[in-house]
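The entries below follow the order in which I looked things up.

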Amino acid sequence: MSQSVRTRPEGSGQALSEAYDTALLDLDGVVYAGGNAIVHAVESLAEARAGGMHLAYVTNNALRTPDVVGAHLTALGIPTGADDVITSAQAVARLISEQVPEGSRVLVIGGEGLRVALRERGLEPVESADDDPAAVVQGYGGPELPWGRFAEACYAVSRGVPWFASNTDLTIPGARGIGPGNGAAVEVVRIATGAEPQVAGKPLPPMHRETILRTGAERPLVIGDRLDTDIEGAFNGDVDSLLVLTGVTDGAQLLAAPPQHRPTYVDADLRGLLTGQPEVVADGPGYRCGGWTASAGAERLELDGDGAALDGLRALCAAAWTAAGEGSCALDAGKALARLGL
């Protein structure tokens with residue numbers, strides 16, 4: 001992928017599962033939501049795997065260990081070993097291990113995923129700011145994480161102990177809707193201390209490095225539902241990406257995406273792995289995909305034609321991203337998206 005400004009989604013004459021050797025899949029909002037498999041995920045991944053594609057699961061959620069995640073996916077009908085799961089806990093543990101001596105104590109504000117990852121790197125998890133930690137690490141601890149854990153982090157960080165965060169996702173999708181993610185918890189400590197953590201997770205380079213080290217991918221395709229983590233992470237890693245619309249991103253957010261949030265491909269769900277991608281072509285002052293033509297007017301995005309809703313969305317992306325250039329499109333897209341049912 002070129003780092004030049006993307007002005008339209010790309011087409012592909014091959015199924016994406018054939019064009020790329022490894023799928024780097026986000027979990028929440030892509031493979032499952034609230035613990036349950038997202039529609040079409042299980043069968044789509046099985047077919048991609050049967051065709052020779054390596055599947056790896058890359059999550060910013062630091063709560064669960066790779067063993068637990070792999071067992072969960074296997075129970076959903078997606079056979080997965082621990083080696084196929086890469087977490088932000090692993091990425092932040094490696095980052096810490098490069099800055100403190102082996103055997104150092106690390107104050108953990110989060111769940112078991114962080115503790116296992118730290119031990120893997122030869123570090124000792126501790127629970128109190130009074131345990132003389134060499135670092136503080138904060139990761140998603142689930143909805144039951146006690147408020148007092150944030151106080152422990154604040155005590156240590158205020159004393160000058162280096163502070164690390166697995167990720168800063170403000171939200172996390174679940175069965176009942178969108179809840180606060182680790183980024184919201186990080187903000188508590190940031191506000192109380194005025195400090196800034198070193199962050200490892202998507203979209204930052206430590207997570208991409210951890211993923212490539214653990215998978216050996218040569219032609220990876222990042223697949224995600226979030227523009228500011230999955231797609232920006234792919235941009236930062238200079239690899240291609242597929243946005244699926246099964247999670248937090250809607251059509252309006254996609255059309256307003258700045259360059260670092262523009263995916264290579266867009267599809268409804270993981271069935272998009274098994275097909276080629278339609279080409280978006282210039283058509284007079286606008287852009288055509290399938291039976292739709294989109295253009296940028298003075299105040300809003302215009303859409304004419306008929307056909308598959310996703311083709312209309314791809315054409316709108318081209319019109320919006322071209323009009324925005326290196327910025328974010330501010331043209332009204334409400335009428336056009338309503339016509340597509342999006």
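**Entry 1: the whole protein.** I counted the secondary structure and got 12 helices and 19 strands. Helices (H or I, at least four residues) and strands (E, at least two) are DSSP runs, numbered from the N terminus. The radius of gyration is 21 Å, close to the 20 Å that the globule rule gives for 342 residues, so the protein is as compact as a globular protein of that length. That radius is taken over C-alpha atoms, and the rule is 2.2 Å times the number of residues to the power 0.38. This is a predicted model, in which local features need pLDDT of at least 70 and side-chain atom pairs count only at pLDDT 80 or more, while totals for chains, interfaces and linings use all residues. Residues are numbered from 1 along each chain as its sequence is written, and side-chain values use heavy atoms, with hydrogens and water left out.

**Entry 2: size and burial.** I looked up the span of the C-alpha trace along its principal axes, which is about 65 × 45 × 35 Å. Of the 342 residues, 52% are buried. Buried means under 20% relative accessible area, exposed over 50%, and partly exposed in between (1.4 Å probe, protein chains only). Among contacts with a separation of 6 or more, 70% join residues 24 or more positions apart. Contact means heavy atoms within 4.5 Å.

**Entry 3: a sheet.** In which order do the strands of the open sheet of 5 strands run? I read β7-β6-β8-β9-β12, with parallel pairing. The edge strands are β7 and β12 (198-199), and each pairs on one side only. Two strands pair if DSSP finds at least two bridges between them. I checked β8 against β9 (residues 163-165) and found 3 bridges in the parallel sense. Val-137 stands opposite Phe-164 in β9.

**Entry 4: helix α5.** Which residues of α5 (residues 112-120) are buried? They are Gly-113, Leu-114, Arg-115, Ala-117 and Leu-118. The cover over these buried residues includes α4 (88-97), β6 (105-109), β7 (124-126) and β8 (135-138). After α5 comes Gly-122, with a positive phi near 80°.

Entry 5: I picked Thr-87, which lies in β5 (residues 85-87). Is Thr-87 buried or exposed? Thr-87 counts as buried because its relative accessibility is 1%. Apart from neighbours within four places in sequence, Thr-87 is in contact with Thr-59, Asn-61, Arg-64, Pro-66 and Met-207.

I then took Gly-305, in β19 (residues 301-305). Its relative accessibility is 36%, so Gly-305 counts as partly exposed. Not counting residues up to four places away in sequence, Gly-305 touches Gly-291, Trp-292 and Arg-339. Gly-305 and Thr-264 are 41 residues apart along the chain, and their C-alpha atoms are separated by 24 Å.

**Entry 6: backbone exceptions.** Most residues other than glycine have a negative phi, and most peptide bonds are trans. I noted where the backbone departs from this.

- His-40 has a positive phi near 75°. It sits in the loop between β3 (36-37) and α2 (41-50). With a relative accessible area of 24%, His-40 is partly exposed.
- Asp-132 also has a positive phi, of about 55°. Its loop runs between β7 and β8. Asp-132 is exposed, at 63% relative accessible area.
- The peptide bond from Lys-202 to Pro-203 is cis, with omega near 10°. Pro-203 lies in the loop between β12 and α8 (205-215).
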